[in-house]
Structures are given as structure tokens and as C-alpha cells.
Amino acid sequence: MKRIGNRRPTVHACTRQDAKGAVFGRGRAGRWAAVLVGLLAVLVSPRPAWAAGEPRASGDLALILEDAVSYIDRSGQPQVQKMELDFTVRERRWDAEVWGATMFFEPRSGVRTAYSKSEVEGRSVSFDGHAGGVRLKVDARVPRDIWGTPGAEAEYALDLTRHGDAFEGTFTGTFDGRPVKGRAHGRLVGPFNTPLVGWRPLGPREHPRVVFRKADLPRLRERARTPEGQAILKRLNELLRGKVDGYNAGYHAAGHGLLHLLNEDPAEAREAREIVESIVFGQGRGGQNPWHRGQERERHLRVPPAVGVALAFDLCYDAWPEDFRAKVAGQLEWKARDLIEGLGREEYNDNYPSNHVAICQGGGAVVALALLGEPGEYLPQPPAGGRLRASSRLTGPASGGEAREGGIGMLAVRPWQVLFVLAAWPVAAIAEEAEDAFNSLYGNEYKKVMATRDLTDDVALASALLAAAKAPGTHPALAALLCEKSYELGVKAPAGSETAVEAMELLAERTPDRKAACFDRIVGVRQRQYDAAKPADRADAGDALIGALVDAADAWHEARNDADAAAALRRASLVASAVGSRRKDEVQARSERQAARLRAEKLVAELQKRLDANPQDAGARKELVQQCLVELDDPARAEAFLDESVDPAMRKYVPAAAKGVEAAPEAACLELAEWYRGLADSTASPGGKLALLARAWKYYTRFLSLHAAQDVARSQAALALKKVEDAMAKLGPPPSDAPGPWIDLLKLVDPAKHAVAGKWQRNRDGTLQVSGQEAGMRAFVPCMVEGGYEMTVTFARPKSDLDVVVIIPVSATGVALKLSMGVGAQHILQNVAPGVPGVRPGKLDNSQDHTVDVKVLPRGDQAEVVIHLDGKPLFHWQGAQAGLSVAGAYQLPHAKCPALGSHCTTVVFKTFRLRTLGGKVKPLQ
């Protein structure tokens with residue numbers, strides 16, 4: 001592989017558990033990969049021809065320098081550690097390029113040591129080979145990593161003697177200015193890029209070539225006619241007729257590409273092209289388009305669509321027009337660079353044995369391989385000496401390439417083809433394992449309750465299954481099956497209805513691709529409750545049904561099914577009118593906006609036909625951009641219709657908006673906010689105006705979260721944000737992803753009912769006070785917060801320098817903000833995943849009130865938490881929700897509830913407010 005930028009593509013180690021998901025991803029996307037590659041797995045993999053006999057003239061040398069790293073640790077003590085330097089040897093000449101590491105796993109002791117988790121870069125500045133060995137000088141640089149290592153420069157002079165393939169000797173030099181010396185040793189092994197038996201170089205622009213070669217097609221077509229091949233193709237066709245979501249859309253395209261080659265059917269290649277056009281240049285099929293989700297901080301989530309499009313490009317290469325191939329190739333090159341180098345990220349995770357890095361760089365390498373030799377200036381043929389290398393330094397003496405990261409079994413991946421073999425593992429076996437586990441744990445009990453007419457035991461088992469699904473550590477596949485069985489049993493009797501609803505809510509949360517179907521089931525439960533309700537209970541039952549219908553509408557909208565979303569909102573509006581619900585106006589406004597969206601979609605389809613018939617129709621193009629941007633609130637879709645005939649401001653701002661709010665840098669946020677606000681002022685449509693104002697609101701709030709300076713620009717943004725919020729309030733209930741009204745949480749707390757520990761009381765002025773000398777004093781708000789929200793807390797601490805605590809729910813988990821911890825020395829976000837900064841120096845001034853502002857934005861299994869203290873940025877955390885937890889002393893009876901607390905000190909809480917940002921607040925039942 002050619003080096004991309006200043007980083008070479010590398011296949012890294014990945015966990016056994018993640019190996020099946022590496023490159024192809026997990027869940028539905030993983031199943032797609034299994035089906036797509038399953039047919040290809042019948043091919044016989046070639047074996048490397050290793051040199052044997054006399055000592056090697058060429059190979060890869062991992063040279064260990066004992067005591068080559070000298071530094072002062074955090075406790076002020078001097079430490080020494082070894083370094084590995086990796087060389088490539090060609091006919092007894094050593095390449096000038098050197099790579100290495102200061103991270104090792106000791107198999108016998110089970111200890112992992114690391115000065116830096118980043119890969120060491122170096123260069124041989126002189127080389128002297130002689131009959132018995134070599135002398136050389138190496139300059140090395142240990143990069144700064146994101147875990148706090150500052151980095152260092154090093155120089156080494158090595159004198160080595162050769163014994164067969166082994167090298168032994170000494171070195172002297174400096175590390176970070178400190179003198180070092182010690183023993184050096186290593187062994188020359190066969191290079192990872194050893195030619196394979198029967199392998200031949202790629203022909204000019206030869207495709208397919210990623211998973212199989214063009215010469216393999218006759219044999220594949222023959223094997224596709226076998227019973228095994230027919231079974232795989234049948235399953236592939238079933239999936240192609242099924243639901244498309246944002247992550248597996250690329251594999252849909254690749255699936256059609258495979259059928260195109262096997263059946264020699266041009267129509268399949270055209271279908272693959274349409275899907276790729278939708279993913280790369282349009283809005284995406286079946287929901288969110290991860291191709292345009294530049295705000296995704298976890299790069300591994302962007303691998304499945306990238307690899308899917310790369311596979312479709314490879315499989316349909318000869319069937320697609322040259323101009324379309326060139327456009328896709330340009331986009332794939334950007335994706336390869338993004339996955340390998342981490343473009344646009346403040347901090348790049350270069351922890352080379354990380355499973356996430358393995359997925360990203362392995363995926364990036366696959367994308368780059370699809371482009372190898374393409375005409376143009378991107379990714380040309382690699383220069384002599386380029387190599388695709390596997391990281392094995394963690395392996396130690398273990399057999400089979402096994403290594404470890406943080407106690408997790410690892411697999412050191414060697415040739416990149418292994419990724420495809422792993423992907424071909426039968427993912428369906430996971431579902432079978434879950435079924436077997438369920439039968440082992442609950443099979444007999446389940447059969448027993450199903451055989452009785454009494455439904456009491458059904459309801460009891462439904463509750464037990466739901467509890468098991470919620471238990472920490474339950475495998476997602478087993479948890480999903482438990483939720484399904486819990487619903488199946490609970491829905492049988494009125495007493496089990498709430499359990500059935502909760503099971504579907506949990507399943508929707510854990511499996512977003514099934515969200516709409518789950519909420520449809522909840523609507524069915526709520527409809528039966530509404531139909532059976534007595535007159536006195538009908539209003540409450542109606543409100544529950546309205547809530548379920550609105551949730552279902554939101555889920556259908558996310559799945560790009562606007563017709564079903566509109567139908568659900570129409571039903572909700574009728575129920576709201578029938579019971580006189582307080583949500584009547586809100587639901588009616590939502591229903592009208594959804595109906596307007598359907599009209600806009602119809603108009604866009606008509607305009608698209610006009611533009612297809614006459615690409616020079618500037619009026620149709622301008623209206624298309626306007627409808628997509630304003631009425632559909634979809635700048636990525638609008639971007640596809642831009643050309644020189646469109647207004648310059650649109651050409652400037654629409655592409656920036658298409659990247660997403662979270663991708664915008666600080667300087668662009670204010671500019672985009674002003675642009676959206678101006679568009680809203682000139683838009684007559686109430687729904688369009690509200691959508692534009694909501695976008696402006698997001699950009700203003702992002703600017704304020706990034707801009708720390710207390711200057712005129714900050715004041716301007718704050719005042720403009722207030723104007724936007726006032727304008728939105730006048731237009732009626734906000735869109736589901738816009739800010740809702742503020743809720744006074746402080747009034748909801750009853751000290752007698754909701755205090756978990758400590759002495760809590762309501763003061764005459766309405767403030768809430770905690771006092772005492774207990775650790776972990778806390779009181780929760782009796783409501784559950786789901787999805788995105790903003791929260792603000794104002795408090796005073798009359799004296800002492802001990803902790804003030806705010807407990808922040810994040811979906812089904814949460815985190816505790818502890819201010820003035822360590823006797824007033826620091827502020828802590830506790831607990832966050834290891835390696836993520838969660839500590840800031842700071843203290844509280846007891847002579848004044850303090851205000852904490854929190855913003856929580858869940859995104860699938862990821863989340864972003866932004867915290868300000870007294871208007872200044874304090875924490876900005878992004879990562880997997882699984883990396884969050886509430887410290888043991890502050891855990892609550894209900895994980896989704898916000899809470900306040902303190903540690904052995906008196907605190908007066910004066911305000912505690914929350915408003916939703918696309919989320920919802922439910923009373924605690």
C-alpha cells in the first residue's frame with residue numbers, strides 16, 4: 001500500500017469478539033457481510049511461499065532495545081523501558097525507514113507497559129554492513145499521544161552481530177536528552193508481503209480484485225449453482241428485498257454488484273449505482289446517511305458504509321460509466337484518508353493495538369485497495385518498498401498470533417485477506433447461541449406457562465425476562481430475545497401491559513433499526529388500553545396512546561417513512577381532540593408539519609423529473625434546492641442540485657450545512673447560524689421557518705459551547721439565540737429535535753419521598769437544601785429523561801470546600817459531575833471510560849452563586865456531554881455510552897432520573913431546570 005499522508009496503512013490487532021465486525025461492522029451490517037462474502041468463502045486461499053534453508057537475505061526485523069526509553073514518571077521517579085524498532089531488510093540492505101513502539105505485553109506476568117501508545121517513527125541516518133553483522137545510527141521520534149505522553153526525540157548507535165537469522169549486540173544514545181545504553185536483540189523473519197503462490201500482479205484497472213479476481217468469476221458462477229451457493233444466494237435476495245438502513249445500504253449496493261457479476265445482469269449494476277448515488281451524493285436510503293455523518297467522533301462507525309461502497313465500486317467497475325466511477329473514486333479516496341488518518345479530528349487515536357484502530361485502518365486499507373492503480377492523482381501505484389504490515393509486537397511468544405489489550409484476547413491480523421475470511425463466519429450463529437441460552441435458562445419455565453390458561457404466571461415470567469434483559473453485561477442478542485419473549489407474554493393480559501411496553505422500549509433503545517416496529521407494538525398496547533378504559537380513566541389512557549403515536553411517528557420519520565409518520569400523527573390528533581388533551585395543539589402542529597413535508601416530497605419528485613428531462617432548467621433546480629433545504633430541512637439533499645446557476649450564498653453555505661452541525665468549526669458556527677436566521681426571516685411557510693430557526697438555534701448553541709472567550713462575539717451569539725428562541729415560541733410547538741419548554745425540576749422533588757441519603761428540606765423561598773455529614777447525600781427528580789436535553793443548576797455552598805454533585809442521566813446510564821472534589825482542588829466527571837480525561841483543576845467560591853449548564857446529546861450507542869461552569873467550558877466528553885457510569889456512592893434507584901447531591905457539606909440549590917432537545921421526559925411510575 002502507498003503511504004497516505006504521513007501515515008502508512010497498517011492492519012492492526014483486533015479483538016476476537018470484534019474480528020467478525022472488523023471492516024464490515026456488527027448487527028445487520030455484519031449479517032450483510034456474512035451473506036455477501038459467504039459465497040466467496042468457497043474459494044481456496046493461497047498460501048505464502050516462505051524461504052527456508054540458509055539465513056535470510058530479506059525479511060522483517062523487530063529489534064528490541066532494552067532500557068532505551070528513559071523518563072520521569074508522574075510520581076517524579078526515574079524509569080527505563082525498552083523500545084522496539086522495526087526494519088525491512090532487502091538483500092541484506094536495511095531500509096532507511098524505521099517504525100517501532102514503546103508498548104509491550106508480557107505474557108507471563110500479564111502486564112502491559114507503555115511509555116506511549118502511538119507508533120514510533122524513525123530513520124536510519126547511517127548504515128555499515130559487514131560480514132559478521134551491521135553498525136547503524138537511528139533517529140527516532142516518539143509522538144505525543146492522547147493519553148498524556150508528551151513525546152520525545154531519540155538517537156541510537158547500534159553495533160549488532162548476526163547468528164543465522166538472529167541479531168545480538170549493544171546500543172548507546174540519548175532519549176529525550178538523557179543518555180541511554182543497553183542490549184539489543186532481534187530475529188529476521190519472512191516479510192509479511194511475501195509473494196503468494198500462484199499470485200499474479202493486477203492488470204491495468206483490473207476489477208473485481210478486492211475479494212476475488214476477474215479470473216475467479218467462472219469458478220464462482222459454477223459454485224453458485226451448487227446447493228450451498230443457491231442457499232446463500234436465496235438469503236442474499238431475501239435481504240435485498242428487506243429493509244435498508246443507513247449503515248447497511250452500502251452492502252445492499254455490493255449485494256446487487258455481486259448478483260450483477262454472477263448472473264451477468266446489467267440491471268443489478270444499475271440498482272447498485274442508484275444506491276451508491278443515494279449514499280454518497282444524496283440523502284441515503286433508509287434513514288440517516290452515515291456517509292455524511294462527519295460529526296461521528298467514533299470513526300469505526302463510518303467503516304461499514306465506506307467498505308460497502310468500495311465493494312460495489314469494485315464489483316460494478318466495468319458496468320458503470322467512466323464519469324460516475326471517477327466521482328465515486330474521489331469520495332472513496334477521502335474516506336480512505338479519513339479512516340486511516342482521522343481527518344478533521346482534534347485528537348487522533350493512534351493506539352495501534354486498539355480494536356477500533358484495527359477496524360478503521362483495516363477498512364481504510366480495503367477502500368484504498370479498491371482504488372489502487374486508478375487514473376488520477378489519488379492513491380497511485382505504491383512506490384517500491386511500500387508494504388502492508390501487521391502489528392505483532394504485542395504477540396510475544398504466544399502461538400497463533402494471540403496478543404492482548406487491556407485483558408481482552410486479541411488476534412494479530414496478518415494478510416488483509418483474513419478480514420474477509422473472518423467476515424464470512426456465520427453471524428447467524430450468534431442468534432442461534434442466544435436461542436440456545438434462552439432455552440437453557442428459561443426453556444422449561446416458558447413451556448410451562450405457555451401450557452396453562454392462567455395468565456398470572458405469564459405476566460410474572462414476562463417481568464423476570466425483562467429484568468434479565470436489563471441486567472448489566474447481558475449480550476445484545478440475548479437481551480433482544482428476552483425483550484421479544486417478555487412482550488409476547490406480557491401482552492396477553494392487562495396486568496402485563498406495562499411490562500410489554502417497557503420491553504419494546506428497551507428493544508427500540510438497544511436495536512435502533514427495529515425502533516419503528518417496536519413503537520408500532522406499543523401503539524397496539526396503548527390502543528387496547530384506550531378502548532377498554534372506563535370514562536374516568538379515558539383521558540389518561542388517551543394521553544398514553546397519543547404519546548405512543550407521536551413516538552411511532554418520530555421513529556417512522558427517522559426511517560424516512562413519512563407516509564406512516566403522517567398517518568400516526570393524524571391518529572394522535574384525532575385522539576387528542578376526543579379526550580381534550582393538553583397536547584392537542586402540539587400534536588396538531590406536528591401533524592400539519594408532516595403533511596407539509598409529504599407535499600414537499602411530492603413537489604420534489606415532480607421537479608426532479610423536470611430537471612432530468614432538461615438539466616438546464618434553472619428554475620426547477622433553484623426550487624429543488626429551496627424545497628430540500630427549507631421544507632425538508634435536508635441540506636445534504638439540497639447539495640446534490642447545486643451548480644453555477646444557483647445563488648452564490650447557497651453554493652457557499654449549503655455544502656457546509658450538509659456536513660452536519662457537529663462537524664462545523666467554531667468560526668463557521670456563527671456564520672451558518674446567521675445565514676439560517678436570515679433564511680427564516682424571508683420564508684413564509686411556518687413549518688419551513690420553524691425548521692430554519694431550529695437549525696440556527698443549533699449553530700448558535702454549538703458556537704457558545706466552543707467559544708470560551710467572554711467577548712463581544714459571545715454576547716452577540718447569546719442575544720441572537722434568545723431572539724431565535726422567542727421567534728420559535730411564537731410559531732407553536734417546536735420540531736422534535738428543537739428545544740422544548742423549560743421544566744422546573746426543583747418543584748418536582750419532594751424531600752420526604754425522593755431523598756436517598758442526607759437531610760433534605762424545602763426552604764420558604766422554594767430552594768432545596770441538603771445538609772449533614774454523610775458521604776453520597778443525594779435526592780432524585782421523579783421523572784425519566786430520554787434522548788437529548790439541556791439542564792441548568794444554580795446553587796450556593798455557604799461554607800467548606802467539599803463536593804457539590806449533579807447526576808446527569810445519559811439514556812440508560814449516566815455520570816456524576818463532582819465539583820470541588822479533593823478538598824476543593826478539582827472538578828471531576830465520574831465515571832468515564834479509562835483514557836478519557838475526566839478531571840479538571842478548579843475550586844468553588846463560597847461567596848457567590850454558581851451555575852452549571854449541561855447539554856446531553858445521545859447518538860445511537862454514542863453520546864456527547866457538554867458542561868459549562870459559570871458560563872465557562874468545563875467538560876466536553878464524547879464516546880460510547882457504555883463508557884459512562886455513576887460512581888457507586890451516588891447511584892440512584894432509577895438510572896434515567898436526574899439528581900442533586902453533596903459530600904458531607906451543606907448546599908442550597910436555587911434553580912434546577914431542564915428542556916428537551918429531541919428527547920422526552922416521562923413521569924416516574
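**Surroundings of Gly-824**

Apart from its neighbours within four places in sequence, Gly-824 is in contact with Asp-801, Gly-842 and Lys-843, where contact means heavy atoms within 4.5 Å. The model is predicted: local features need pLDDT of at least 70 and side-chain atom pairs count only at pLDDT 80 or more, while totals for chains, interfaces and linings use all residues. Residues are numbered from 1 along each chain as its sequence is written, and side-chain values use heavy atoms, with hydrogens and water left out.

- Gly-824 belongs to helix H26 (residues 821–824); helices (H or I, at least four residues) and strands (E, at least two) are DSSP runs, numbered from the N terminus.
- With a relative accessible area of 14%, Gly-824 is buried; buried means under 20% relative accessible area, exposed over 50%, and partly exposed in between (1.4 Å probe, protein chains only).
- Gly-824 and Gly-842 are 18 residues apart along the chain, and their C-alpha atoms are separated by 7.1 Å.

**Overall make-up**

- The protein contains 26 helices and 33 strands.
- Of its 925 residues, 52% are buried.
- Among contacts between residues at least 6 apart in sequence, 63% join residues at least 24 apart.

**Nonpolar cores**

- The largest nonpolar core has 52 residues; such a core is a set of buried Ala, Val, Leu, Ile, Met, Phe, Trp, Tyr and Cys residues joined through side-chain atoms within 4.5 Å.
- Within this core, Phe-438, Tyr-442, Leu-461, Leu-465, Leu-482, Leu-489 and Ile-546 touch the most other members.
- Two or more residues each are given to this core by helices H11 (428–451), H12 (456–470), H13 (476–490), H14 (497–510), H15, H16 (538–558) and H17.
- H16 contributes the most to this core, with 10 residues.
- A second, separate core of 48 residues includes Leu-217, Leu-261, Leu-332 and Leu-371.
- Leaving aside neighbours within four places in sequence, Ile-546 is in contact with Ala-572, Val-575, Ala-576, Val-579, Ser-581, Arg-583 and Val-587.

**The pair H15 and H17**

- The axes of helix H15 (residues 515–532) and helix H17 (residues 562–579) come within 14 Å and cross at roughly 25°; axes are lines fitted to C-alpha atoms, for helices over the stretch in contact, and angles run from 0 to 180 degrees between N-to-C directions.
- H15 is therefore roughly parallel to H17, a term for angles under 35 degrees, whereas those over 145 are roughly antiparallel, 65 to 115 roughly perpendicular and the rest oblique.
- From H15, the contact is made by Val-523, Gln-527 and Tyr-530, and from H17 by Arg-571, Val-575, Ala-578 and Val-579.
- By class, this contact has five nonpolar, one polar and one charged residues; Ala, Val, Leu, Ile, Met, Phe, Trp, Tyr, Cys and Pro count as nonpolar, Asp, Glu, Lys and Arg as charged, and the others, Gly among them, as polar.

**Backbone details**

- A cis peptide bond, with omega about 0°, joins His-207 and Pro-208, and Pro-208 lies in the loop between strand S13 (178–189) and helix H3 (217–224).
- The peptide bond from Gln-830 to Asn-831 is also cis, with omega near 5°; Asn-831 is in the loop between strand S26 (826–830) and strand S27 (839–841).
- Asp-67, although not a glycine, has a positive phi of about 60°; Asp-67 lies in strand S3 (residues 59–72) and is partly exposed at 37% relative accessibility.
- Ser-820, although not a glycine, has a positive phi of about 65°; Ser-820 lies in strand S25 (residues 813–820) and is buried, with a relative accessible area of 1%.
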